[in-house]
Amino acid sequence: MTEVSKKYDSYQTVQANFSFSAIQGSNKSAYTDAGTLYLDKKNNRYHITMNSQEMISDAKSLYTILKEEKEVQIAAIENSTDAIDPSNIFSFYKTGFKYNLVANEKAGNTLLNVVHLTPTDSKKNYSKIKLRINRATKLIYDATIYDKNGGQYSYTIKSQVPNKNLDNSLFSFNKSKYSGYEIVDLR
């Protein structure tokens with residue numbers, strides 16, 4: 001884990017293409033999506049584009065654009081140091097977890113180290129996180145979050161480009177791009 005942390009700590013920005021799948025509750029209903037994360041670690045900002053929604057964080061507010069509903073929800077950013085969100089997706093595991101290297105697995109020809117993370121705070125709404133790390137590159141391959149209600153949320157990193165020059169406009173909400181959308185301010 002130390003080598004993984006060192007690698008991600010050296011990045012100022014990351015652009016990552018990912019896929020997402022969710023299996024929720026006892027009825028095992030499934031949902032999948034894919035997208036791109038643009039992360040400005042230094043300024044604690046991110047922009048996520050997916051087929052169904054976009055999320056833009058300028059470090060003060062989070063703008064969630066629900067494409068099908070034609071709605072934008074604006075919420076204040078909670079500066080919780082123990083929440084897992086896109087701004088700390090590559091570093092959340094550093095504190096608040098016990099971790100065990102449990103096995104090696106393969107995805108195609110890629111050898112992966114498997115780490116189980118257990119939160120030290122039993123009040124968390126998740127019971128375990130399974131992190132798989134590409135053994136050769138020391139980059140996160142995927143993460144699966146197991147919630148206490150039987151849900152599983154998996155993020156697979158398809159590709160990532162560190163220290164890419166990201167335009168500041170990526171991290172600003174431009175209301176004119178969403179004419180016809182209902183704006184719901186929850187701040």
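**Burial, cores and one buried threonine**

In the protein chain, 41% of the 187 residues count as buried. This is a predicted model.

Start with the secondary structure. The protein chain holds 1 helix and 12 strands. Read from the N terminus, the order is α-β-β-β-β-β-β-β-β-β-β-β-β. Along the principal axes, the C-alpha trace spans about 50 × 40 × 35 Å.

Next come contacts and surface. Take the contacts in the protein chain with a separation of 6 or more: 45% of them join residues 24 or more positions apart. The accessible surface of the chain is about 10700 Å². Carbon and sulfur atoms own 47% of that surface. As for charge, the chain carries 25 positive and 19 negative charges. Their mean positions lie 8 Å apart.

The largest nonpolar core has 30 residues. Within this core, Tyr8, Phe90, Tyr93, Leu117 and Leu131 touch the most other members. Several elements give two or more residues to this core: α1 (2–9), β1 (13–24), β2 (29–40), β3 (45–50), β8 (110–119), β9 (126–134) and β10 (140–147). The most comes from β1, with 5 residues.

Leu117 is then in contact with Phe92, Tyr93, Phe97, Lys98, Tyr99, Lys128, Ile129 and Leu131. Two of these partners, Tyr93 and Leu131, are also listed with Leu117 among the residues that touch the most other core members.

Finally, turn to Thr156. This residue sits in strand β11, which covers residues 152–162. Is Thr156 buried or exposed? Buried means under 20% relative accessible area. Thr156 has a relative accessible area of 16%, so Thr156 is buried. Which residues does Thr156 contact, leaving aside its neighbours within four places in sequence? They are Asn17, Phe18, Ser19, Tyr141 and Asp142. Asn17, Phe18 and Ser19 fall within β1 (13–24), while Tyr141 and Asp142 fall within β10 (140–147).

Technical notes. Residues are numbered from 1 along each chain as its sequence is written. This is a predicted model: local features need pLDDT of at least 70, side-chain atom pairs count only at pLDDT 80 or more; totals for chains, interfaces and linings use all residues. Side-chain values use heavy atoms; hydrogens and water are left out. Helices (H or I, at least four residues) and strands (E, at least two) are DSSP runs, numbered from the N terminus. Buried means under 20% relative accessible area, exposed over 50%, partly exposed in between (1.4 Å probe, protein chains only). Contact means heavy atoms within 4.5 Å. Accessible areas come from the Shrake-Rupley method with a 1.4 Å probe; for residues, only the protein chains shown count as cover. Lys and Arg count as positive and Asp and Glu as negative; His and the chain ends are not counted. The place of a charge is taken as NZ of Lys, CZ of Arg, CG of Asp or CD of Glu. A nonpolar core is a set of buried Ala, Val, Leu, Ile, Met, Phe, Trp, Tyr and Cys residues joined through side-chain atoms within 4.5 Å.
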